[in-house]
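Welcome! Open your viewer, switch to a cartoon view, and get ready to select a few pieces one after another.

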Amino acid sequence: MARLVCSTVEPETLQPDIVQDGRVRLLVHWDAVQKEITDDMGTRTEWEYQEQVLWVPLPASEYIEPGEYRPVLSAAGRAYLAANEEEILAWAQAGMTEATEAPGLRRRTQELEDAIVELSLLLAGGGM
């Protein structure tokens, strides 16, 4: 379940946290609102937003590279997450804590299945 977070740092939509066992733990943020807070310490800017932790499988080994102490996302891994940000955000907003498939995989599989069906229909019609 998403939680309301207050921070002095503007949130990124997808914030990679831990890379482990071919998956990445993401902190997914949305509904960010900037607020001015005034108290006895003065005035400061804070951000209030929803946050959901979500484990996402990475479908390719090139998305992970060795870090100084533990594995980290490669530039290709960050690009992959950015390309699938909309799908990942939808999963987080739905309250998922672990993705059941790699982002974009179902979409590509469905596109391939649709192309096979379409090609079969064209070939069947062309042979008559």
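**Stop one: a helix and its surface**

Select residues 105-126: this is helix α3, and Leu 123 lies in it. Keep in mind as you look around that this is a predicted model. Is Leu 123 buried or exposed? Its relative accessibility is 60%, and exposed means over 50%, so Leu 123 counts as exposed.

Next, colour the strands. Four of them form an open sheet, in the order β1-β4-β3-β2, with antiparallel pairing. Which strands sit at the edges? They are β1 (3-7) and β2 (14-20), each pairing on one side only. On average, neighbouring strands of this sheet are turned by 30 degrees against each other, direction ignored.

Zoom in on β3 (residues 23-39) and β4 (residues 42-57). These two strands run antiparallel and are joined by 15 bridges. Show the side chain of His 29, and you will find Glu 51 of β4 standing opposite.

**Stop three: the helix on the sheet**

Which strands does α2 touch? This helix packs on the sheet, touching β2, β3 and β4, and its direction makes about 75 degrees with that of β3. Select residues 85-93 to see α2; its buried residues are Glu 87, Ile 88, Leu 89, Trp 91 and Ala 92. Finish at Gly 95, which follows α2 and has a positive phi, near 90 degrees.

Note on methods:
Residues numbered from 1 in each chain as written. Predicted model: local features only at pLDDT ≥ 70, side-chain atom pairs only at ≥ 80, totals over all residues. Heavy atoms only, no water. Helix = DSSP H or I, 4+ residues; strand = E, 2+ residues; numbered from the N terminus. Buried < 20%, exposed > 50% of the residue type's maximum accessible area, 1.4 Å probe, protein only. Pairing = 2+ DSSP bridges. Axes fitted to C-alpha atoms, helices over the stretch in contact; angles between N-to-C directions. Contact = heavy atoms within 4.5 Å.
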